[in-house]
Amino acid sequence: MNIARLIETQLPSQYLKLIKLAGNLASQIGQNPYLVGGVVRDMLLGRPNLDLDIVVEGDAVGLAERLGQSVNGKVVVHSRFGTASVKSDSISLDIVTARSEKYPRPGALPAVKPGSIEDDLFRRDFTINAIAARIDARRFGDVVDPYRGKRDLEGKLIRTLHDKSFIDDPTRIWRAVRYEQRLEFRLEEEAERLLRRDVVMMDRVSGDRIRHEIERILREERPEKSFSRAEELGALRQLDPALPGNSWLAGRFGMVREAVVDLRSLNRVYLALLVWKLDEESLDRFMQRLRFGRETARTLREIAELKRVLPVLDQRHFAPGQTYELLEPFTIQSVTAAMFAVESVTVRNRLRAFLFEYRRARPQLDGDDLRRMGIPAGPDLGLLLRELKKARLDGRVSTREDEVELVRGWFNRSRHER
Ligand code: CTP
């Protein structure tokens, strides 16, 4: 089989030029070059993908250096792994030496040694990701598919290459779910049996690697589908027995997506909803396990605190200024998550008012006005501005004059007290 036409029609011209150049440079030094992995899978499916992964039966680093020189690009070498990346303008391309891998124990990094393209494809997660296409001029587009990945693409199946696959690398459990839901494929029967058998192996993998896969799921179009499926397969429970992957989560994720446009915020709100039902002990455990970055960790830690204070917002009488004061210390992401998570309509409306009204309200006087009125710059000035904002939210002032009067009153009183 040959997919030259597919490669030529699906890749933008600069990408095509770059891989053809890489291919020809490799063959000049007697090495066989291939395009592999996700990009080949997606080409065969007609899905856009510009992640160029190249494998050479030979010296990847040497090839990367030659390619870098000839396009005047930037080359980054990871000599420990025998891999390199070349960046030319805005296009980047990864080159690795074909290799075989052996896993010393579940979840550990594999021991690698140079091998053939068949070895290299055999070390991969699923048959649909183990297809390669030659990129040297003489055989451009020739497909190497020893594990019948193309048959599985047609049958819409996620199939492992051997029965130790999930044991070697338990992050594949999450990858299986992600591909299955993204592509609307199905785990092949034996692969599903192996996954269920090996799901406990996930405990052996570092938190960083699991977090990385969870974050990739969160970047999918509908991450809730993967969490529901992971629940069904026992993977979510393995991560933490209290994590929900059910319709509660699906409904909330859908609403959040409509409301939050910034992608980094969206991921943090998703995570906050994912952990919403965890008690404090489980939340701590989950966070220690997955070691989130600083901002995400802050949002998640706040969830426990928010759940403690939210009942206050259920009172009949609670002024907007008080709501503002209560919620102001929290991140927007944790308050947004709370807004979608709480059952009480009263609380939800107050959270919404905080996010869309109170937070944005401004008094008419600003810091400069206050300084002109004789209030020295410093923390007091900040406090006064907040008090003014609360007074405005509660309707105690409406005009600029009202605000001036209020400030004068405070000023005189504090002078009096001194
Ligand atoms: N791979 C693997 N096992 C892993 C990670 C990666 O076998 N645990 C292989 C797969 O062949 C995969 C390739 O390395 O296709 C590239 O990895 P990655 O970029 O993670 O996968 P993509 O298929 O490109 O994923 P996506 O489409 O989600 O970007």
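A polar contact is taken here as a pair of N or O atoms within 3.5 Å. In this predicted model, a polar side-chain atom of Arg-175 lies 3.0 Å from an oxygen atom of the ligand, which means that the pair falls within the 3.5 Å limit for a polar contact. For Arg-41, the distance between a polar side-chain atom and an oxygen atom of the ligand is 2.7 Å. For Arg-124, an N or O atom of the side chain is 3.1 Å from an oxygen atom of the ligand. The ligand is surrounded by 14 residues. The closest of these are Arg-41, Asp-125, Asp-169, Arg-178 and Arg-182.

The largest pocket holds about 1,800 Å³ of space. Its lining is made up of 50 residues, and those closest to the centre are Asp-53, Arg-123, Arg-124, Arg-175 and Arg-216. Several elements give two or more residues to the lining of the largest pocket: the helices α3 (38-45), α8 (171-183) and α10 (207-218), and the strands β2 (52-57), β4 (83-88), β5 (91-97) and β6 (99-102). The most is given by α8, with six residues. Sorted by class, the lining of the largest pocket contains 22 charged, 16 nonpolar and twelve polar residues.

The second largest pocket has a volume of about 330 Å³. A set of 14 residues lines this pocket, and Ser-100, Glu-101, Lys-102, Tyr-103 and Phe-122 lie nearest its centre. Two or more lining residues come from each of β6, β7 (111-114) and α5 (117-122). Strand β6 also gives two or more residues to the lining of the largest pocket. By class, the lining of the second largest pocket consists of eight charged, four nonpolar and two polar residues.

Glu-403 belongs to helix α22, which spans residues 400-417. Glu-403 is classed as buried because its relative accessible area is 0%, and the cut-off for this class is under 20%. Leaving aside residues up to four places away in sequence, Glu-403 touches Pro-363, Gln-364, Leu-365, Leu-388, Arg-392 and Val-397.

Technical notes: Residues numbered from 1 in each chain as written. Predicted model: local features only at pLDDT ≥ 70, side-chain atom pairs only at ≥ 80, totals over all residues. Heavy atoms only, no water. Helix = DSSP H or I, 4+ residues; strand = E, 2+ residues; numbered from the N terminus. Buried < 20%, exposed > 50% of the residue type's maximum accessible area, 1.4 Å probe, protein only. Contact = heavy atoms within 4.5 Å. 1 Å grid on protein atoms, 1.4 Å probe; cavity = no way out; pocket = protein on both sides within 12 Å on 5 of 7 lines; lining within 4 Å. Points joined across faces, edges and corners; volume = space filled by probe spheres on them. Nonpolar A, V, L, I, M, F, W, Y, C, P; charged D, E, K, R; others polar. Near = heavy atom within 4 Å. Polar contact = N/O pair within 3.5 Å; in protein donor to acceptor, adjacent residues only side chain to side chain.
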